[in-house]
Amino acid sequence: MKAKWALFVSFFLVIVPGYPAAQPVEVLWLGHATTRITSVAGKVIVIDPFLTRNPKTPPEYRDLKAIGKVDLILVTHGHQDHISDLLDLARLTGAKVLANYEFGRNLVALGLLEENNVIAMNRGGMAEPLGRGVKIHMVPADHSSSLDYNILGIRNPDQSASIRQGGGAGVSVGYVIEMENGFKVYHTGDTSAFGDMALIRELHNPDLALVCIGGFFTMGPDEAAYAVRELIKPKAVIPIHYGTFPVLNRTPAEFKKALGSTSVQVLDVAPGQVMRF
Ligand SMILES: [Zn+2]
């Protein structure tokens, strides 16, 4: 059976009054952390493009052209499994790239992207680069970051004054994306469980959370289950960032077991499976 099929999730249709049934928010997880989100008005956001070298990318999305129109690319951090197709996808689609301040500024300083195509902001801030209606909240994540010279095609790191001054890649972040109809998606980025996930919930109250569960580099199932059940408390969760490499060997089944009895709906989707809310 073809992996790409549509599933309507009814909880949000019921809960949110005035929900435009003809134009749902579409969430397409493409393996690892890579996610394409299409807003109610058809704005397309891609998070952490890692497609052509990602063993979990569905074959039909290995060609970047298959992603279609992209308006905005969000970067959680600079590790290669999050940005390996960033520059190619940005150049192919003309999408603006939104990232942590240091990472974003260095993309410009290194001549990799044009200044007016980069939004370099920081944690706690909100931007509306798609025009009014879709709000991008940059939130903390507890993880490292770096500038991967090979992946970015940087031959002479010394060309950047910013890097010489230690600007590097800045910090790792997550995002809460607030749609035109109020639906909120929290992408944790790579992270450990941390107490301020409860503050993210207090401030943003996400409906859907995409949460790393693979372990080793991020939360594993037990930590992720605690974070979801006790801190984030979304209506639904999509487990991500597992199974890509042998070391990320934890599973959604372990996550569900650790979560136990809860009202949170676990959407154990396959990469390439379209979800509409
Ligand atoms: Zn990662």
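Good morning, colleagues. What we have here is a predicted model. The protein chain has a mean pLDDT of 90, and 88% of its residues reach 70 or more. Two stretches call for caution. Over residues 1-8 the pLDDT is below 50, although the model gives this stretch 17 contacts beyond near neighbours in sequence. Residues 13-22 also stay under 50, and for them the model has 11 contacts beyond four places in sequence. Where pLDDT is low, the predicted coordinates should not be read in detail.

I turn now to the helices. Two packed helices are described by the angle between their axes and the distance between the axes. Let me begin with helix α8, residues 221-232, and helix α9, residues 252-259. Their axes come within 8 Å and cross at roughly 50°. The crossing of α8 past α9 is right-handed. Which residues make the contact? On α8 they are Pro221, Asp222, Ala224, Ala225, Val228 and Arg229; on α9 they are Glu254, Phe255, Ala258 and Leu259. By class, the contact of α8 with α9 holds seven nonpolar and three charged residues, and no polar ones.

Helix α8 also packs against helix α7, residues 197-204. Here the angle is about 45°, and the axes lie 8 Å apart. At that angle, α7 is oblique to α8. From α7, Met197, Ala198 and Arg201 meet Ala227, Leu231 and Ile232 of α8. Sorted by class, the contact of α7 with α8 has five nonpolar residues, one charged and no polar.

My last topic is charge pairing. Side chains of opposite charge can pair when their charged atoms come close. How many salt bridges does the structure hold? There are nine. One of them joins the side chains of Glu26 and Arg36, at 3.1 Å from N to O. What does this pair tie together? Glu26 lies in strand β2, residues 26-29, and Arg36 in strand β3, residues 35-38, so the bridge links parts that are 10 residues apart in sequence.

Thank you for your attention.

Technical notes. Residues numbered from 1 in each chain as written. Predicted model: local features only at pLDDT ≥ 70, side-chain atom pairs only at ≥ 80, totals over all residues. Heavy atoms only, no water. pLDDT = per-residue confidence, 0-100. Contact = heavy atoms within 4.5 Å. Axes fitted to C-alpha atoms, helices over the stretch in contact; angles between N-to-C directions. Helix = DSSP H or I, 4+ residues; strand = E, 2+ residues; numbered from the N terminus. Left-handed = near helix turned anticlockwise from the far one by under 90°. Nonpolar A, V, L, I, M, F, W, Y, C, P; charged D, E, K, R; others polar. Salt bridge = Lys/Arg side-chain N within 4 Å of Asp/Glu carboxyl O. Parallel < 35°, antiparallel > 145°, perpendicular 65-115°, else oblique.
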